[in-house]
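Dear colleague,

I am passing on a structure for you to look through, with the sequence alongside.

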Amino acid sequence: MRILASPEWRLAIITVAVFALMAALSPERFLSEGNLVSMAFQFPEFAILALAMTLTMMTGGIDLSVIGVANLSAVVAATLLASFAPAGIGTVESLPWLALAYTSALIVGATAGAINGLLVARLALPPILATLGSGLVFTGFAVALTGGSAVMGFPESVAWLGNSRMFGIPVPLIVFTLLAYALHFLLTRTSFGLRATLYGANPLAALYAAIDTSKLLLRVYVISGALAAVAGLVIMSRANSAKADYGSSYLLLAVLIAVLGGVNPYGGRGRVIGVVLAVLSMQILSSGLNMLQVSNFARELIWGALLIVVMLINTVDWSERRSKQPEVQGKVTGESS
Amino acid sequence: MKSVFNKQFWTRNETLVAVVIILFCLIASASDPRFLSATTLTDLLRASIVLGIFAIGAMLVLISGGIDVSFTAIAVFAMYVATVLTLGTIPSLPWYLIFTLSILIGAALGALNGLFIARFGLPTLIVTLGTLSLFRGFLLTFVGSERISKLPPGMRDFSRSMLARGTTESGNFYALPLAFAALVFVVVLTWFILHKTMLGRSIFAIGGSEESARRIGINVRATQFFVYVYVGALAGLAGIIHGSLGRMADPFSLVGLELSVIAAVVLGGARLTGGYGTVSGTLLGVALIVLVQNSLIVIGIPSTWQSVAIGLLILIGTGLPAWQAKRAAEQAA
Amino acid sequence: MPADVSKRNEESFVHMQGVTKHYGGVVALDGVNIDIMPGEAVCLAGENGSGKSTLIKILAGVEQPTSGSLKIGQNTQSPLDPRTSAAAGVMVIYQDFSLFPNLTVAENIAFASELGNGTRLASKSRNLQLAKAALQKIDVDIPVHARVESLPVAHKQLVAICRALASNARLIIMDEPTTALTEREVTSLLGIIRRLKEDGIAVLFVSHKLAEVLEVCETVLVLRNGKLVAEGPAGDFDAASLTRHMTGRDVPQTPPSAMSEAATDLLKVNGLHKEGAFKGINFTLRGGEVLGISGLLGSGRTSLAKALFGLVRPDSGSVTLSGTPVRLGDPLAATQAGIGYVPEDRLTEGLFLTQSIVRNVAVGRLDAHANKGILNLTSLTAEATEWLKRLTVKAPDVEAAVKSLSGGNQQRVALARWLSRAPQVLILNGPSVGVDVGSKSDIHTIIRELAEQGIGIIVISDDLPELLSVSHRILVMRNGQLVDEIASGTVDERELTHRLAS
């Protein structure tokens, strides 16, 4: 069946199947509007992180610092708000501070990304090590800024990003959709995106094709950092606080979603639609399991199992790419080739 | 014969780490004279047991050309299951049998990693990210999620056995647990395997060039499988020691330490690309990480900056050699 | 005139009879009969795709023949596997030498042998013993404690040879052994081969460039399209006849048409110098000129080519294009200035194998079809497809991955990418390596046409007939310096070979 040949189609079938399964197992609750809406509020925060992971993976790299960046950005924004626009302040009054806080978060995210980009592009550090180390540094700064506790006390306007609706659609969902489309456009319709994909396919050939690999990698990681910052802001809004260690399980989830979505961790292949479908599958699975009163721990179990199963299935597609991948920027996944 | 203290010596990872450790200790003892005492030493040694065993295992995986982040989950799984099994069947089991049980469970879980990596050839970082969640999720879902503080007497006895104990001149108590001997044993055994057996040399060979290893007839799959089983066994040992010394079987512990372990190994000179790694370097890396984790405050840095310190160490410790390599490559024709 | 090629079955070390190998529908080897006597040096010549690597794999036991028989030594019969083949004494030294860069010379040499013994414990002293013995056998001095990664290429090859010796090789197969050696190193390699022969060890040279090694071989075999098309004593062959057998045709020796008088100086290279690679390079390339650069490998020609394109940074010197200096050490600057480079290794350096044909061509023109970064995919694809047509690339589906194309078509894709940028200077490194005969002459025609349009072309090649056929001038490099300049039409292949080697 040719339809099974494309990972994205396989994924679409899986998504539908999972949805049907969950609906069948608890029809009244799963198919209720309340549930569907609540799912739409829950997934964007980790979905945006998955988008960030997708971009770096397309270049054959990985960004293990996304959680650290998300938290640091949120902490910076939160500290600004708590200091200058504490709870109780009127909504209109708080707006300029909100704008400042959000902008600062994005700047923090982009700067963090730039640091990653410099480490990977200029120092030729393998992305795993660069983002492992930088992630610790970013998380560490967040810890230092907060002393380890949560930052709270925001004006009501903060809640808008993560909890309200626009035209009946949850705002986080709108944000995610816009970002997903933007990434899709970036990857398929811009010279930057095409170059990123080609670089991931063969970094050495990219050099010979006169692609500015330094600039490319820098941009990739800056975008990843900015996306992580947005995710951090969504998390902050939904949790109504910011802390250095929120979302620690999201790292695995982001990698899982990217891989499940058909992104090749060795680089050069991946489509945003696949990632979107993967996100939906994971959320449906998660909510469904919740309804079946399956514990949170089982979720971890299922994610881990799913990641391995997906890779087993995809292994044929990738083993070819791996044996031909020359060394330029160092290894991502620690493979010897 | 050139002096051993030439440029190459000074730029080696191990030397740099050793220098940093010495500096650290100097600053620490300057700010707090009690730092250089038997108490501090034994405290630090105790803190390095579990980390050290993990690091030796992680080093082995790096040498073989892979990277494993699931060992903490294996450790806590093995520890918890061994504890629960003992409590449920033969509570009076002596500690060495409980330990053997934990090691075997760890080895079995490692074998699963080996299956995916050696047999199916899946990318190691992502697979072990998956098995990390798989093992931990399985543990918490199907085995249990409560912290057990009433440990089997065997484990309690072990935690009370000391290699050395006493009181310093200033009246401070120091004690080095028997568990430290386990670290020593692991270090010696691993060193022996790596340097004195063809198996160990094959691990280096595979890390250096998997394709060449295949061509001269090394059984790459079997060797890789061994690596992951061995690391799993080590993790089982580390886990049960952690449980004993901590007087608690906590299924939520240990996971999260992976980063510090990888940091230690990488600082010690093991390369992500495989084929390189020394026991001495890894131990030095462990020592530095342990110092940072436990004694940062003594040199005046609050412990909230711990992560930053470790992160910076990783970046500098790996960034320097990477930058040198890049410079060398640019000079090349 | 064919020599007496009847060999005595019982005495030969390798006896291959009627060996045929099919891979799916492709016939890689067709009824090949080979005999190799102990202590005999045999040269196996053939172009890429002639079946050489399949032959090696069958001898090494990595592949099984579809039909035919293979006997090695007294006791070993096909079907073989790598272990039995190695046990019988067949050792292959691949082009990449298959060494362990992170281990020492001694350990590399001893590894296979220790492994074969089944010993469990590793012994540094045994390694040293084996290594020293092997090194002594070929009378070579390499620091045994050095890590292989720190050795120069020629020494790595020696380590690989020693490894074969330490494993009691009776037949050493060398795959493209002279590829990475300088002239001096080739001479010393030949000396070593002679010594091996004295010990009764047979050597099989497999290569597509054999001019250098003809003197040490007793027998020459030529493969073409899987068939053994010529065999005989080495004395019966010379470079020209070898090429004729390998390619199946006489390469026309017509030099290109003379250049117009009005051709201006395009590229001026002045005093280019790089420690360890090349020095004092001065030359001028005129518009519409095809300049050939040759030299035995190791002469620095690839370094020079890369330096012109910015992939290698020279220590001093200058490059000027149409009067404007080009910033050195920066491929982007070189590209912007109008210099293009088609690398030697198509598969790893030139193309993005898993990406579509269109993308491989279009990558050179992204900025031209982008408005503030956003691509006009229609025009991009249209232009790329146009170039594919112009270069007659046979590709039914331009969105298919480029790895699905044949070598000749792949090379055309690489050319198309650079041509679409309308470069002023195009540097081609080994333009027809691994390309079938028909495509080769097509590529030469393309080169000639480009020159007629006024593009300055530098062709780097060891394919002497190719150089003679397309170049207006040929520069010879040796040990990093330009030592000779030859105008086209003034020499033939034999003379050129001589000038290169002298």
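**Two helices in chain A**

In chain A, helix α13 (residues 250-260) packs against helix α14 (residues 272-291) at an angle of about 125 degrees, and their axes are 8 Å apart. Here axes are lines fitted to C-alpha atoms, for helices over the stretch in contact, and angles run from 0 to 180 degrees between N-to-C directions. That angle makes α13(A) oblique to α14(A), since angles under 35 degrees count as roughly parallel, over 145 as roughly antiparallel, 65 to 115 as roughly perpendicular and the rest as oblique. Helices (H or I, at least four residues) and strands (E, at least two) are DSSP runs, numbered from the N terminus. The contact is formed by A:L253, A:I257, A:A258 and A:L260 of α13(A) together with A:V275, A:A278, A:V279 and A:M282 of α14(A), where two residues are in contact if their C-beta atoms, placed from the backbone, lie within 7 Å. These residues divide into eight nonpolar, no polar and no charged; Ala, Val, Leu, Ile, Met, Phe, Trp, Tyr, Cys and Pro count as nonpolar, Asp, Glu, Lys and Arg as charged, and the others, Gly among them, as polar.

Please keep in mind that this is a predicted model, in which local features need pLDDT of at least 70 and side-chain atom pairs count only at pLDDT 80 or more, while totals for chains, interfaces and linings use all residues. Residues are numbered from 1 along each chain as its sequence is written, and chains are lettered from A and ligands numbered from 1 in the order in which they are written.

**Where chains B and C meet**

Chain B gives 19 residues to this contact and chain C gives 24 residues. On the side of chain B, the elements giving two or more residues are α9 (198-208) and α10 (210-215), and α9(B) supplies the largest share, seven residues. By class, that side of chain B has seven nonpolar, eight polar and four charged residues.

**A sheet in chain C**

Chain C holds an open sheet of four strands in the order β2-β1-β4-β5, with antiparallel pairing; two strands pair if DSSP finds at least two bridges between them. The edge strands, each pairing on one side only, are β2 (26-36) and β5 (76-77) of chain C. Helix α1 (residues 52-59) of chain C packs on the sheet, where α1 touches β1 (14-23), β2 and β4 of chain C, and its direction makes about 60 degrees with that of β2(C).

With best wishes
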